[in-house]
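Dear colleague,

I am passing on a structure for you to look through, and my notes follow below it. Please read them with the model open beside you.

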Amino acid sequence: MKKQLMSGNEAIARGVYEAGVRFAAAYPGTPSTEIMEEFAKYENVYAEWAPNEKVAVEVAIGAALGGAKALAVMKHVGVNVAADPIFTVSYTGIQGALVIISADDPSMHSSQNEQDNRNYAKFAKIPMLEPADPQEAKEFVKLAFKISEQFDTPVFVRTTTRVAHSKSVVLLSELEPAEDKTTLTRHAEKYVMVPVVARHRRIEVEKRQHALKKFAESFPENKMEILNPDVGIITAGMPYNYAKDVFPDFSYLKLGMVHPLPEKMIRHFAAQVKKIYVIEELDPYLEEQIKAMGIAVTGKEIFPYTNEFHPGIIRDAIFQEKSGAISPYQDSLAARPPNLCPGCPHRGLFYALKKSKAYVHGDIGCYTLSYLKPLEGLHSCICMGASIGMAHGMSKALKEKGKGKVVGVIGDSTFLHSGITPLLNMAYNHSDALIIILDNSTTAMTGMQEHPGTGYTLMKNEAKKVNLNVLVSALGIENIKVIDPNNIKETQHAIKEELESSGPSVIIAQSPCVLFKRSHIKPARALTIDPDKCEGCKVCLTLNCPPISWKNGMTREGSNRKGIAVIDETLCNGCGLCSQVCKYEAIS
Amino acid sequence: MSKSDVRSMLLAGVGGQGILRASDILCMVLMEVGFDAKKSEVHGMAQRGGCVTSQVRYGSKVYSPLAVPGSVETLIAFEKMESLRYLNYLHPEASVILNTEEIYPPAVNMGETLYPHDVIGFLNKHYQRVIALNAAELAQKAGNIKAANVVLLGAASTLMDIDSAVWENVIKKSFPQKLVKLNLDAFQMGIAA
């Protein structure tokens, strides 16, 4: 068998393909994005970026009801968006097979919260598998499809960032035949969730839960290792590896299936060890259920609720000590926060927007980085699509007090994800807020994925591109301006005018992402600062553009300057913002 | 507790320096010579100019892709001041490979704070083995500044008992044909530095 170094996400794509699955839908989101990008590279597959996770799940359900084996992929908060169909497809069951990947992000490396999506499995009564490394990730998605077919149920596979983005040696397997079992078969009495049918299916769900509990008792990926009669550890997923690293000789019950739990097996394990620790990141999900079985275990009394673990955390918690490795370097070190790229079109927009002194509701995307100093462009950010509804609500509540002062900003991909309905609401219920759509023609934050505004699909086919201007107009917005955010004066003027106008308005700030591969615009010539003209006023530095830095000294006769600004030509994309803000015409 | 033979390396720098590619190459080399190898990093926000770290662990059987703080044997710092950020991860007897290239963080760019002074002196005082080289300059000489990551791998290879033919094979497989020679040259420059 071939060995390959693979990330958890690459391994999931491989596992899905090995299982004979040829259909998948998703919306990009860290740490899940690469699964679809990898899956789309395999032969004879259909893979699509849906505009949001709810649509992706519905697309996958449709395929499954047509007899296909279908995959839906999303990050943890994407499951919130998709929760509506997920909770009810649990009742209907599926004709073919349906697996939903939930990629959780303990420590919030790239997320707005660290919700523990194991709770969804219990809540929606859907079985959930949790792999601990890339090899298991590949095997577990294959098992998930088998369980889905055997029990007529959707199945969750939960990863965390460390599983998704760590790489290790994976043994590839032979491909299972990709049989075409698609068929147009009607089962209205099973799939039409009107109350009379739903009540019947509700009972079926409990029957299935019962059968799955039995299945879990002999599921080979629920593994017991009795090595030490004194201490036993119950765990699942990546924390198993952390614990094994520091305590290789304890006894283990490693759960490959975290819903439903194998109660008999857990009791059997508990009977063989004196002291039990439950080691899990985030919620006491296993711990509470095991305690409810009447089994005494130690868990969140000593292990943290927040953030991802590492082996040191587990060792210190169990030894009740703070070994705390100390750095010999004790001075403070300047932070290196993520920043907008050189030439990023968001920079000009937020520089201009700040001058308006408006309250700005933000959304999820690269532009959320404008929250940081010195742009400090946002005053709220909750979730995908929220900026528009929040701006509308604030504007309505403040009435006259909020007039000309409430703005919502949202990216193009995010607008198409979940901004259309709130904008329809804003137009219909008529508030004075201003919405700015930051249209950089791609889903930039997750790495340039296609969406309906790009004119291309995940499979690289051309598609009918949505016209944002026409769409916004059709929603009932009458005040619409399309501007270039790299022109600060034009942008400032448009913002001022639309804030002053009454009724809802939308500015579409159009300029492609500088990293965007399909953009045919060549970067402009790098700019330079004339040291004879620079007065050291530091205005250009307030753009926080990576190539611009401060050089102390360089005093000059007839000037009060204490230094000058310089541009690193190797980084500059020549967007020209700095030359627009320079009062001394020093930049060209 | 039984003793494991797992060794840990930490690669640290700034988004865009090719750290993830370097740790991939490192892992493939370790795999090639028969080790179990795991690596871990966080994608996402780091691509936008933030700190990037990647841990590589290898041995006969590796469980955790993350090391216990205080246990890392080798630090490969892709940027000078970034070497200081993760010293709590290092074993007191760790070796440090240091790219002396400076990339200013925003606070230094804006003149609010100074870039740390005498980083090499500090590292030499606390660690027995510090290999400092300007990988960016060497890579430039090899033909492209982007090969600085492979220069640093060359330097790291001098601390690892692995035949250079294995390294060269993996490097050949990791780059498009037209970039292979450049990267092999960069690797050699790292060894010589």
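What is the mean pLDDT of chain A? The mean is 96, and 99% of the residues of chain A reach 70 or more, where pLDDT is the predictor's confidence in each residue, from 0 to 100. This is a predicted model, in which local features need pLDDT of at least 70 and side-chain atom pairs count only at pLDDT 80 or more, while totals for chains, interfaces and linings use all residues. Residues are numbered from 1 along each chain as its sequence is written, and chains are lettered from A and ligands numbered from 1 in the order in which they are written.

In chain B, the axes of helix α5 (residues 135-142) and helix α6 (residues 148-157) come within 8 Å and cross at roughly 110°; axes are lines fitted to C-alpha atoms, for helices over the stretch in contact, and angles run from 0 to 180 degrees between N-to-C directions. The two helices, α5(B) and α6(B), are therefore roughly perpendicular to each other (angles of 65 to 115 degrees count as such, under 35 as roughly parallel, over 145 as roughly antiparallel and the rest as oblique).

In chain A, the axes of helix α14 (residues 345-355) and helix α19 (residues 488-500) come within 9 Å and cross at roughly 45°, so α14(A) and α19(A) are oblique to each other.

Best wishes

Note on methods:
Helices (H or I, at least four residues) and strands (E, at least two) are DSSP runs, numbered from the N terminus.
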